[in-house]
Number of protein chains: 2
Amino acid sequence: MADPGRLERLERRVRELEEELAREKRGRAAARARIDTMSAEVTDSNPYSRLMALKRMGIVKDYEKIRTFTVAVVGVGGVGSVTAEMLTRCGIGKLLLFDYDKVELANMNRLFFQPHQAGLSKVQAAEHTLRDINPDVQFEVHNYNITTLDNFEHFMDRISNGALEEGKPVDLVLSCVDNFEARMAINTACNELGQIWMESGVSENAVSGHIQLIIPGESACFACAPPLVVAANIDEKTLKREGVCAASLPTTMGVVAGMLVQNVLKYLLNFGTVSYYLGYNAMQDFFPTMSMKPNPQCSDHNCRKQQENYKRKEAARPKEEVIEKEEEIVHEDNDWGIELVSEISEDELKAASGPVPELPEGISVAYTIPDKEENSVTGETVADSEESLEELMAKMRNM
Amino acid sequence: MADPGRLERLERRVRELEEELAREKRGRAAARARIDTMSAEVTDSNPYSRLMALKRMGIVKDYEKIRTFTVAVVGVGGVGSVTAEMLTRCGIGKLLLFDYDKVELANMNRLFFQPHQAGLSKVQAAEHTLRDINPDVQFEVHNYNITTLDNFEHFMDRISNGALEEGKPVDLVLSCVDNFEARMAINTACNELGQIWMESGVSENAVSGHIQLIIPGESACFACAPPLVVAANIDEKTLKREGVCAASLPTTMGVVAGMLVQNVLKYLLNFGTVSYYLGYNAMQDFFPTMSMKPNPQCSDHNCRKQQENYKRKEAARPKEEVIEKEEEIVHEDNDWGIELVSEISEDELKAASGPVPELPEGISVAYTIPDKEENSVTGETVADSEESLEELMAKMRNM
């Protein structure tokens, strides 16, 4: 049956829908084109003006160099996602993201992910958001657990070859994971590859955290001594009482991500003093710093090998050159006499009873590395023994 | 002329457009319904589980109380936007946002805003994003400059009446502005109203920042002494050399926002130690703390009035009650003996030559309050004189 008004109504409906769709799309489209060269020009439309101003301010000599670096972020949760966002906004060259979790509404108490992303993989959701924020950054994402054998090998391969120029290693690996096994896997990989990395962590009660720089052979690795935490002075009994879910706060995670990426920028762009260990106690606004030498009896044989390499290099290098390298900083004379809270020597480490070194006030070990006998349920950790990586990874896979 | 296929083509087009629009909208829709009661239930779909876990961990006694509080955030830039996002994700009851800027691509080196929001007002863009993140929070946004006379009066009115229960004052005002005039306007308003507030700031060279708690009559207000900054040891000459745009970093701003909101949570939810002043020097990872008593000769007559009120209240209150109020903290005995770096007494303030108090190492004044004679170009600041607020605001309007 003929309906004379039908055609007109359909035409009107098409116009309406087209307009609405255009409005929706306008709202989402990446609103800027790629930018070939970073400019310091001060215009509202230049996303790099405030970063390039760091040169004029005398903070960074060559900010553009940021575009040549590749950073791998392992764990894209409360700390890792904000870390990736900060690096993206700073205009890093390339980011590799590793995670195997999905976004859940239960993550909405931390920054970055949004409710409409619930159900997506964290790396996929992160890549989508980050590309919109800065299309100049290259992304490579891996939706897997790095601790299984196949994935661990692939992870090692990407760390070794995944830089902007394929075949070259990444400049830095950042650990933003939330468990011991994943940290140990990163530690094992970086010791074997001699890869410099930074570790980060937030306590289960959400009120303390830390970052740590690990240069294989030069500073203590994750297996040299038990991981350190900034104590929040909370009774451990209350902490594990019901043991169902850890607390977390966007504040603590934001501060830890900020301290981490600040340390990354200082390390890559050569300004300020790079921290070896920086803790954050939110209850008392206390930020301890320290550094730790590697343990000559470290259970990770690759760590011991890296220590030997480092000693040889140091011995071969003329003393002045070493100092010059350390001091190549735009500003800084440490006029205030700020000191590291503590420096633990090899002797102290040797003298310490068991694996627990003496620590500055306010810092304590997260847990001691479990004895092998106690270990029957959870399995051995990668750094626990003298076995080859392959044997260990095979064991881990069977857990 | 009849076109027999036209109707079908239009029908197909409508279906296609409807599908595409649905897809677009699915991607953006607020993916969760409102939640009436905060629950500690550990499920993937509970956005409050990790926050409510703070109770089980023994950190916060009554986390749900967060929903009863209203916070005003003045300035929704690099620090203010992240501050608002953290409070939103923590489930604050109501947020009032004040800003008169537009989002620009030049802001993309800081967290929160996205390129597709360029051109929107900051408060409008922020409200849209924050509502999607947590529809349980109430928002009230004001797209104006608080320093003009009419707006200042409206601002005072909303601070006094804009709580969840209309007619009651907000619980806290947060200053996240980037200029002296706006800070002085907030200071003037809070001194007049006896409103507790927190101030935040980031240096022009992007590598230092601070937060400060101001309780009118009890701690130094912004007019009692020149604003303090954490020195970055950078030559002032290089800082202002070309003077075209300040540098900024997402890291420094993220850390400052995190410290600020952590202090807000500790203050509102009564845990840990609330900091009166916490600085951040990113070059050396140095975090000075201190507290300052108000200046009995403060140029703001409302500050002096609040000081008298405070003294009277203190004198009337039995000594023990005062201590109890301070110590009502879930944990904390300050077992590590952490001390404030410095406490500046009234006498020291009086004795200090001019308006510059003696300061702990690493902290210096941002600038001295300009002499009136030097002031002919920029005009007087609100706190500079004995004139009435109305007179001063009228002058400011004419600048």
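Guide: Gladly, and let us start with a term: buried means under 20% relative accessible area, exposed means over 50%, and partly exposed is in between, with a 1.4 Å probe and protein chains only. This is a predicted model, in which local features need pLDDT of at least 70 and side-chain atom pairs count only at pLDDT 80 or more, while totals for chains, interfaces and linings use all residues. Side-chain values use heavy atoms, with hydrogens and water left out, residues are numbered from 1 along each chain as its sequence is written, and chains are lettered from A and ligands numbered from 1 in the order in which they are written.

Visitor: Why is His142(A) called buried?

Guide: Its relative accessibility is 11%, and buried means under 20%, so His142(A) counts as buried. This histidine is found in strand 3 (residues 138-142) of chain A; helices (H or I, at least four residues) and strands (E, at least two) are DSSP runs, numbered from the N terminus.

Visitor: What makes the pairing of the side chains of His142(A) and Glu140(A) a polar contact?

Guide: The distance is 2.7 Å. A polar contact is a pair of N or O atoms within 3.5 Å; within protein, one must be able to donate a hydrogen and the other to accept it, and residues adjacent in sequence count only if both atoms are side-chain atoms. His142(A) also touches Leu97(A), Phe98(A), Asp99(A), Val123(A), His154(A) and Arg158(A), not counting residues up to four places away in sequence; contact means heavy atoms within 4.5 Å.

Visitor: What makes Glu165(A) and Lys168(A) a salt bridge?

Guide: A salt bridge is a side-chain nitrogen of Lys or Arg within 4 Å of a carboxyl oxygen of Asp or Glu. The closest N and O atoms of Glu165(A) and Lys168(A) are 3.6 Å apart, so the pair meets that cut-off. Glu165(A) counts as exposed at 51% relative accessibility, whereas Lys168(A), at 44%, is partly exposed.

Visitor: Which salt bridge does Asp285(B) form?

Guide: Asp285(B) pairs with Lys266(A), with their closest N and O atoms 3.4 Å apart. The pair crosses between chains, from the loop between strand 8 (277-281) and strand 9 (289-292) of chain B to helix 8 (residues 250-269) of chain A. Asp285(B) counts as buried at 5% relative accessibility, and Lys266(A) counts as buried at 1%.

Visitor: How do you know that Asp136(B) and Arg67(B) tie together separate parts of chain B?

Guide: They form a salt bridge, with the closest N and O atoms 3.2 Å apart. Asp136(B) lies in the loop between helix 4 (122-133) and strand 3 (138-142), and Arg67(B) in the loop between helix 2 (49-56) and strand 1 (70-74), so the pair ties together parts that are 69 residues apart in sequence. Over all chains, a search of the whole structure finds 33 salt bridges.

Visitor: Why is helix 3 of chain B called largely enclosed?

Guide: In helix 3 (residues 80-90) of chain B, 11 of the 11 residues are buried, so the helix is largely enclosed by the rest of the structure. Among them are Glu85(B) and Arg89(B). The helix is followed by Gly91(B), whose phi is positive, near 85°.
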